[in-house]
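Here are some notes to read with the model open beside you.

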Amino acid sequence: MTETILKVSDLKKSYGDLHVLAGIDFELNKGEVVCVIGPSGSGKSTLLRCLNMLELPDAGRIELHGNEIYGGGKPKDLDVLRREVGMVFQQFNLFPHMSAKGNVTIAQDKVRNRKKKDCDARSIELLSEVGLADKIDEYPDRMSGGQQQRVAIARALAMDPEVMLFDEVTSALDPELVKGVLDVMRNLAESGMTMACVTHEMGFAREVGDRVIFMDGGVVVEQGDPDQVLGNPQEKRTKEFLGLVLSH
Amino acid sequence: MEQFFNTYFDFGIMGDYFGDVLNGFWWTIRLSVFGGVLALIWGLILSVLRQLPGRLLSPIRILAIAYIDALRGIPMLLTLLLIAGGLGTLASQDAIPKEIGIPNWLGYPDPFWYGVMALTLTYGAYMAEVYRAGIEAVPRGQMEAARSLGMSHGQAMRYVIVPQAVRKVIPPLLNDFIALMKDTSLVSVLGFVEVVQVGQDVYSETFNPSALTLGAIMFLVFTIPLARLTDWLIKRQESKFERGIP
């Protein structure tokens, strides 16, 4: 039986006249990897940012494990939500005044209240898992974008989240650094992590994704099995988008 | 020319009163250090209060903004006279305890502490604006990353935003400190014998301002290196970000 972790119903968000999210319904099941694709301005990043309330929706409903987190007004249990939902950003957003280990450790220490020894051990373990065992004491400005992004992934994982959100995490990277980050995400998916990825990496979506969601104009236009959506799209807008993306 | 030189640089007078001027300057230093450190702390508190999030906390935000605007808009001399006059009067009427109204902490006289209070209140407001600029210069993504890890606003400020902001604003804070150091001379209006008052006293005795010149030199010995240090820090920060030739 599939266990639904995040359930989003009729989620809406607008900036003035611009309806960025015009009623989104979407579920994320345990262990599932969902890739959200779509043209820029389609609302996919906003959707992801609404899932952990970095962006406050205007209306709709978000449930975490069946508990309402958002129901149209003020978000509830924001702390619980953010502890369970890890997020990785396009621009990494590492804390520049801390070493790689410091970045991965700080929230374990201050939010999870883990013992210093346990924090350190976990940080070293995670940094090794993302292939940065030799960069533990390095500062962000001395690391490549790909390395920084892998630290950011380790930092989010250190909170032992149930869900990981990836917001175009390879878009700011030089082409040769993309694979290292995608490999980390691939391993994470194989380990059973529940993931929602906004991405332009169609190959990744096809290979790793359990489901692909195509968004345009603030709505879900088409969703389903990656081979289906990417290989044999049914909707005109999906076809047009994929035609543009895959032709170059 | 010789008259000019003898008026401002009478080495005889400078030598005779060197010890007195130095004593006065030592008070100037102590005023600067107490006032400076307290203003640094008070300014940081104000700037954090000013940045509190949410509608619920808006009264605190508004109070902080009103305070900062008011204290920056009043001459420090006036603030100093209001404190000295007010606290002394209130204490003599037993409206507030004598220990607070006429402070004698650490054995230092009450004008010293009135001066420290005025410096802290005024320069705290100036420094709050400097800190604010630093806090606002930290990219938005830093707060988002911290909050997405489950940190509260307070934790994010304390561990992520403020440490970065403070680093950015050390040079402008040093500039404010130089200004604060010079404004310690205002405490002379309370009859407090810091360096300017000593110079004035010597002038009344000798009708020669050379002791004031000596005081000015003592100021420069501190303020010029501080100004150079500030410039050097700014240059170093810039070179960190801009590697090319603009």
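**Notes on the predicted model**

1. Start with B:Ser188. Setting aside neighbours within four places in sequence, B:Ser188 is in contact with B:Glu194, B:Val196 and B:Gln197. Keep in mind that this is a predicted model. You'll find B:Ser188 in the loop of chain B between helix H9 (153-183) and helix H10 (195-206). Buried or exposed? B:Ser188 is buried, because its relative accessible area is 14% and the cut-off for buried is under 20%.

2. Now step back to chain B as a whole. Chain B has 11 helices and zero strands, so if you follow the elements from the N terminus on, you read α-α-α-α-α-α-α-α-α-α-α. Its C-alpha trace spans about 70 × 60 × 30 Å along the principal axes. Of the 246 residues in chain B, 43% are buried. Take the contacts in chain B between residues at least 6 apart in sequence: 75% of these join residues at least 24 apart.

3. How do the two chains meet? On the chain B side 17 residues are in contact with 20 residues of chain A. The area buried between chain B and chain A is about 1700 Å², and carbon and sulfur atoms give 61% of that. Which three residues supply more than any other three of the area that chain B buries against chain A? They are B:Ser148, B:Leu149 and B:Tyr159, with 36%.

4. Not counting residues up to four places away in sequence, B:Gln142 touches A:Asn93, A:Leu94, A:Phe95 and A:Pro96 in chain A, along with B:Val160, B:Ile161 and B:Gln164 in chain B.

5. Over in chain A, have a look at helix H3 (residues 100-110). Its buried residues are A:Ala100, A:Asn103, A:Val104, A:Thr105, A:Ile106, A:Ala107 and A:Gln108. What do they pack against? The partners are helix H4 (116-129) and helix H5 (145-157) of chain A, together with H9 of chain B.

6. The structure holds one cavity of 30 Å³ or more, and about 50 Å³ of space lies in the largest cavity. The lining of the largest cavity is made by A:Glu168, A:Val169, A:Thr170, A:Leu182, A:Met185, A:Cys197, A:Val198, A:Thr199 and A:Phe204. Helix H6 (175-190) and strand E8 (194-198) of chain A are the elements that give two or more residues to this lining. Sorted by class, the lining has six nonpolar, two polar and one charged residues.

7. On to the cysteines. How many disulfides are there over all chains? The count comes to zero. A:Cys197, one of the residues lining the largest cavity, is in no disulfide: the nearest cysteine sulfur, that of A:Cys35, is 4.6 Å away, whereas a disulfide needs the two sulfur atoms within 2.5 Å. A:Cys197 is buried, with a relative accessible area of 0%. A:Cys119 is buried too, and its relative accessible area is also 0%.

8. Last, two backbone spots to check. Most residues other than glycine have a negative phi. A:Asp77 is not a glycine, yet it has a positive phi of about 45 degrees. You'll find A:Asp77 in the loop between strand E5 (67-70) and helix H2 (78-84) of chain A, and at 48% relative accessibility it counts as partly exposed. A:Asn113, again not a glycine, has a positive phi of about 55 degrees. The place of A:Asn113 is in the loop between H3 and H4 of chain A. Buried or exposed? A:Asn113 is exposed, because its relative accessible area is 63% and the cut-off for exposed is over 50%.

Conventions
Residues are numbered from 1 along each chain as its sequence is written. Chains are lettered from A and ligands numbered from 1 in the order in which they are written. This is a predicted model: local features need pLDDT of at least 70, side-chain atom pairs count only at pLDDT 80 or more; totals for chains, interfaces and linings use all residues. Side-chain values use heavy atoms; hydrogens and water are left out. On a 1 Å grid over the protein atoms alone, a cavity is a set of points where a 1.4 Å probe fits but cannot get out, and a pocket is an open set with protein on both sides within 12 Å along at least five of seven lines; lining residues have an atom within 4 Å of a point. Grid points are joined across faces, edges and corners, and a volume is the space filled by probe spheres set on the points. Helices (H or I, at least four residues) and strands (E, at least two) are DSSP runs, numbered from the N terminus. Ala, Val, Leu, Ile, Met, Phe, Trp, Tyr, Cys and Pro count as nonpolar, Asp, Glu, Lys and Arg as charged, and the others, Gly among them, as polar. Buried means under 20% relative accessible area, exposed over 50%, partly exposed in between (1.4 Å probe, protein chains only). Contact means heavy atoms within 4.5 Å. Buried area is the accessible area (1.4 Å probe) that two parts lose on being put together, summed over both.
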